[in-house]
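Here are my notes on this one, with charged residues as the theme. Have a look at the model first, then read on.

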Amino acid sequence: MSDSAGDPLARNRLDAEASPYLRQHADNPVNWQPWDETALERARETDRPIFLSVGYSSCHWCHVMAEESFEDPGVAATLNESFVPIKVDREERPDLDSLYITVCQLVRGHAGWPLTVFCTPEGKPFFVGTYFPKEAKRNQPGFTQLVERIAEAWDDPEERAEMEERAEQWTAAAKGELEEVPDAPGEAPDADFLDGAASDAVRRADREHGGFGRGQKFPNPPRVDLVARAAGRTGNDSYRTVVRETLDAMATGGLYDHLGGGFHRYCTDPEWTVPHFEKMLYDQAGLVRTFLAGNQLLGEDRYGAVADETLQFVERELRHDGGGFFSTLDARSGYEGRQVEGAYYVWTPETVVDAVEDGTDAALFCDRYGVDEAGNFDPEQEFDDPEVRPERWTVLTESASVSELAADHELAEAEVRDRLDRAEQQALTVRAERPRPNRDEKVLAGWNGLMISAFAEGGIALDEGYATVAADALSFVRERLWDGERLSRRWKDGDVKGDGYLEDYAFLARGALNTYEATGNVDHLAFALELGDALVRDFYDADRETLYFTPADGESLVARPQELGDSSTPSSTGVAVETLDALSHFRLDDRFADVAETVVETHASTLESSPLEHAAFVLAADALAAGRRELTVAADGLPDEWRATLADRYLPLRLLSVRPPTDEGLSAWLDELGLDEAPPIWAGREARDGPTVYACRNRACSPPRSDLAEALDWAP
């Protein structure tokens with residue numbers, strides 16, 4: 001087997017890849033291969049084990065391990081001689097990531113990135129881990145010794161037999177975890193199940209610091225949404241309080257960028273103070289929707305302001321000129337000639353004084369955001385040489401309220417706000433002159449779908465212009481990644497790669513549906529229905545009555561995964577069920593509804609046993625059990641005053657459908673959708689003397705109303 005340069009294993013082949021993460025490693029002395037048939041066939045032909053390293057461009061410890069080990073000629077020599085080294089961008093290949101991260105979780109009890117895997121030539125894993133330092137320290141084996149030891153063991157027949165047996169056992173365990181379904185379906189959760197799941201969430205909430213758990217704090221939008229929906233349905237004050245505590249923690253702590261808007265990946269401490277500083281598109285998408293829901297549920301305009309600032313950040317920093325959304329901003333940026341995590345975002349009293357012109361303004365800024373000499377972020381781990389190590393830095397957190405600042409500085413609150421606004425703008429201007437974090441400019445179909453949904457919701461709840469941003473992004477992805485039958489995963493500078501996964505179809509279909517809701521453009525609904533058809537065709541297994549993450553005709557791996565639980569993104573199965581259920585209202589047949597109901601029944605026992613780990617799936621099952629609140633608007637467009645009403649109302653199961661006011665106009669829509677007659681959501685719901693709304697749930701409808709608020713108050 002050969003390529004243009006002879007033996008492909010004789011050189012690093014990542015220079016031909018478009019992925020920014022893979023290209024970051026194109027100059028390593030390791031002869032990295034992409035995951036492709038060329039590399040896999042050479043592994044089988046040479047009988048060498050595969051060394052698989054999985055990461056992504058903004059992963060901090062991926063960078064550290066690369067600098068320590070993959071740029072080292074000695075380590076590279078061992079890898080090149082004894083292994084087939086393969087690099088995978090988890091954002092391009094979530095199927096591979098799901099497979100091997102599951103093995104790591106099963107074996108180690110924890111998992112993360114960089115993901116380090118040693119496999120047989122057939123891809124079956126026999127050793128897994130995450131970050132390894134180059135040399136042993138802090139009870140961690142050194143990567144240098146690890147690769148040498150595994151290379152020696154592979155050449156020893158007895159030890160190799162043990163590794164191959166382990167690989168078979170781990171592969172079987174992964175198949176059982178990822179592929180299998182219960183022997184018999186269960187009974188789908190009823191509408192009361194949500195209350196019990198929310199009670200469980202409250203028991204596991206951190207009532208001192210907000211969020212869930214006692215260690216590192218991750219944003220978990222589906223879990224917060226679950227508690228919020230239960231709060232809205234039951235009126236339970238403890239649910240409302242947990243939602244408030246969690247949103248406050250995320251909005252006031254270091255997770256949020258108080259100057260530029262947007263959220264970092266997660267916080268390394270229970271108090272939500274010091275984040276890992278990368279900014280991921282999917283986090284912005286999920287948190288925008290959650291904060292908008294919090295605004296509506298709790299009547300807190302500040303939550304809406306956080307969502308608005310985050311959308312502005314994405315539009316400014318993560319948007320392609322053509323409309324699509326880029327994937328990430330790196331955690332690291334330039335500082336004193338090296339790449340340092342957080343350097344772009346942190347402050348000291350001296351840098352604040354240099355940036356803010358007025359001394360009182362600077363003092364207010366420091367007091368507001370906790371900037372002092374003690375700092376809250378020690379960059380020591382980034383610097384081996386104490387001579388170049390900076391003083392402690394401060395990650396901005398809201399440390400004093402405006403009223404407290406007014407009292408302390410003997411100023412009126414209005415003046416404090418004006419001074420803070422001025423100081424923040426000056427600090428932001430100075431920050432923009434610092435070396436900027438790198439941006440991963442992949443456009444991923446699924447992640448764009450998540451962000452499109454967020455902008456569409458912003459178009460209803462905040463500013464109608466956001467709906468245009470959603471529509472532009474949807475068009476960008478549709479034109480570049482959809483061929484009319486199949487969806488591709490990734491676009492980068494004109495290069496398209498990879499078949500779409502379940503998350504791509506599900507997230508993008510929901511984004512298209514939400515864009516239809518926000519704009520009333522039937523073309524977006526038509527695209528959502530096309531994606532729904534393709535999703536069922538390629539991912540639904542009628543024999544096992546489940547949805548798989550990879551298409552039926554996709555690459556054959558050692559296991560075909562499902563994705564039932566939430567990770568950094570919501571469960572693709574949950575979003576698929578939710579979206580098929582919503583789209584079924586626009587179909588004359590029951591195909592979408594039947595698939596959604598069947599998948600919920602198949603996995604009912606899983607939802608019952610661990611609802612919080614499957615929060616997005618639970619929310620989808622709840623939508624089936626409780627029924628959606630249909631709002632059919634017969635009008636040429638959504639009236640502005642009705643848009644304002646929707647912005648203020650918490651309606652988590654809302655299905656908004658703007659249809660033409662007359663049956664004649666509706667006929668053209670039916671032709672575009674290929675329907676012989678109107679689906680129930682439109683049938684008989686024409687305008688009566690101006691814009692008219694019909695509010696329905698579970699086949700019970702309000703009389704035609706010319707006032708949306710009245711219709712909402714009537715609906716069951």
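**Notes on charged residues**

1. Let me start with Arg436, which is partly exposed, with a relative accessible area of 40%. Bear in mind throughout that this is a predicted model. The side chain of Arg436 meets that of Glu317 in a salt bridge, at 2.6 Å from N to O. Arg436 sits in the loop between α16 (413–431) and β12 (439–440), while Glu317 belongs to helix α12 (residues 301–317), so the pair ties together parts that are 119 residues apart in sequence. Glu317 itself is buried, because its relative accessible area is 16% and the cut-off for buried is under 20%.

2. Asp206 and Lys217 form a salt bridge through their side chains, with 2.8 Å between N and O. Both residues lie in the loop between α8 (193–203) and α9 (221–234), eleven residues apart. Asp206 is buried at 4% relative accessible area, and Lys217 is buried at 0%.

3. How many salt bridges does the structure hold? The count is 69. Some charged residues are linked in a network of salt bridges, namely Asp200, Arg203, Arg204, Arg223 and Glu613.

4. Next, the surface. A patch of negative charge gathers there, and its members are Glu187, Asp190, Asp192, Asp195, Asp543, Glu545, Asp590, Asp594, Glu597, Glu601 and Glu608. Which helix gives the patch its largest share? That is α22 (residues 591–602), with three residues. Asp594 lies in α22, and this residue counts as partly exposed because its relative accessibility is 40%.

5. Glu17 is found in the segment before α1 (20–24). With a relative accessibility of 13%, Glu17 counts as buried. Leaving aside residues up to four places away in sequence, Glu17 touches Leu22, Arg23, Pro34 and Lys497.

Notes: Residues numbered from 1 in each chain as written. Predicted model: local features only at pLDDT ≥ 70, side-chain atom pairs only at ≥ 80, totals over all residues. Heavy atoms only, no water. Patch = residues over 30% accessible without salt bridge, like charges linked within 9 Å, V, L, I, M, F, W, Y side chains within 5 Å. Areas by Shrake-Rupley, 256 points an atom, 1.4 Å probe, with all protein chains shown as cover. Salt bridge = Lys/Arg side-chain N within 4 Å of Asp/Glu carboxyl O. Lys, Arg positive; Asp, Glu negative; His and termini not counted. Charge placed at Lys NZ, Arg CZ, Asp CG, Glu CD. Helix = DSSP H or I, 4+ residues; strand = E, 2+ residues; numbered from the N terminus. Buried < 20%, exposed > 50% of the residue type's maximum accessible area, 1.4 Å probe, protein only. Contact = heavy atoms within 4.5 Å.
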